[in-house]
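Subject: The structure I promised you

Hi! Here is the structure for you to look at, with my notes on what turned up in it. Open it next to this email and follow along.

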Amino acid sequence: MLPSNIPTNYLIKLDNFSAISLTGEEQVNYLQGQVTCDVTTLTEHTLLNGAHCNAKGKVFSCFRLIEKDQQLLLIQPKATIATSLAELNKFGVFAKVNIASTDHLRFYALVADNAIELLSAQFSQIPDNLTPVVHHGSTTIIYIAGETTRYVLIDRDENLAPILSKFSLPTVDQTIWNYHEINQGFPCLTSEHIEQYVPQMLNMQAINGISFTKGCYLGQETVARMQYLGKNKRAMFALQGQASTKISEHDMVEMQLGENWRKAGQIICHYQDKSSLMIQVVLASDIDAETKFRIKGQESSSLIQIPLPYSLTSE
């Protein structure tokens, strides 16, 4: 349920988002050897989830991948751009590919009960579950399914401005995006978490962010070992509750064991307002659903686990 202080229909200004761009005749083949998803399946109308890892399988970034204007865009928080970009460029010098950040693009999300009506007034085709990415001139629209449907609009500022003004909707900040990502179980990493987790600890396999049938890529050996040999003992969870003091991604979560409390995990992402708190955290994968949690240093805080929209059990 959306917090009561958030309007029903709104825009989210994604100030903290950007993308890494790959262009050139070897862009697909090069990226295929660097990330967890199968880049060869991407078309101009599809959307892929994926992760970029180091040689030991630890994640630099989690992204949504699209094709726009003959370039591949790895859309992600700005906090993970610099490291991921530098690592991609290390090996990119040996391929016919240009890799850069896309500082000229802006990202907004539309969340509204009448979103289809609003978009249809300005665009001839609206993305959906079957065609999650559509392009209209320089503007790209991405459909993100979930409990709350989100449409992400991508373009230059000067092109987005007249489109957004016609929606006549209030604009909320990036924290509301965090709320939706936590609810949907999509990892939103900050610089604190770079090279800390393998993809399965961030549930990337549960959101189709890892291909186990593609060829080799950086970190594949570790990722495969985690999947097939049962080596992974951690997973990402969503917790909900209250805390009287403002928290950050530096804070730790503690779990109750009898009369005692012990370290459970570090906060990855959070949403907090005056009455509620939601956090994304990596915990032991076999943790009991009834376990009680709190923020370290805030004894009055209280958190419980809430269900994610997917299963963490391998079929």
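Let's start with an open sheet of six strands, in the order β8-β9-β10-β7-β1-β11, with mixed pairing. Strands β8 (133-136) and β11 (171-172) are at the edges with a single partner strand each, so one side of each has no neighbour in the sheet.

Some ground rules before we go on. This is a predicted model, where local features need pLDDT of at least 70 and side-chain atom pairs count only at pLDDT 80 or more, while totals for chains, interfaces and linings use all residues. Residues are numbered from 1 along each chain as its sequence is written, and side-chain values use heavy atoms, leaving out hydrogens and water.

As for the names, helices (H or I, at least four residues) and strands (E, at least two) are DSSP runs numbered from the N terminus. Two strands count as paired if DSSP finds at least two bridges between them.

Strands β16 (residues 293-295) and β17 (residues 298-306) pair over two bridges, with Ile295 partnering Gln298 in β17.

On a 1 Å grid over the protein atoms alone, a cavity is a set of points where a 1.4 Å probe fits but cannot get out, and a pocket is an open set with protein on both sides within 12 Å along at least five of seven lines; lining residues have an atom within 4 Å of a point. Grid points are joined across faces, edges and corners, and a volume is the space filled by probe spheres set on the points.

The largest pocket has a volume of about 530 Å³. Its lining has 19 residues, with Leu47, Asn49, Ala145, Ile207 and Asn208 nearest the centre. Two cavities reach 30 Å³ or more. The largest cavity holds about 60 Å³, and its lining includes Phe17, Arg64 and Trp177. The second largest cavity is about 50 Å³; among its lining residues are Phe17, Arg64 and Glu181.

Which side chain meets Glu181 in a salt bridge? That would be Arg64, at 3.0 Å, N to O. The two are 117 residues apart, with Glu181 in helix α5 and Arg64 in strand β4. A salt bridge here is a side-chain nitrogen of Lys or Arg within 4 Å of a carboxyl oxygen of Asp or Glu, and the count comes to eight.

Cheers!
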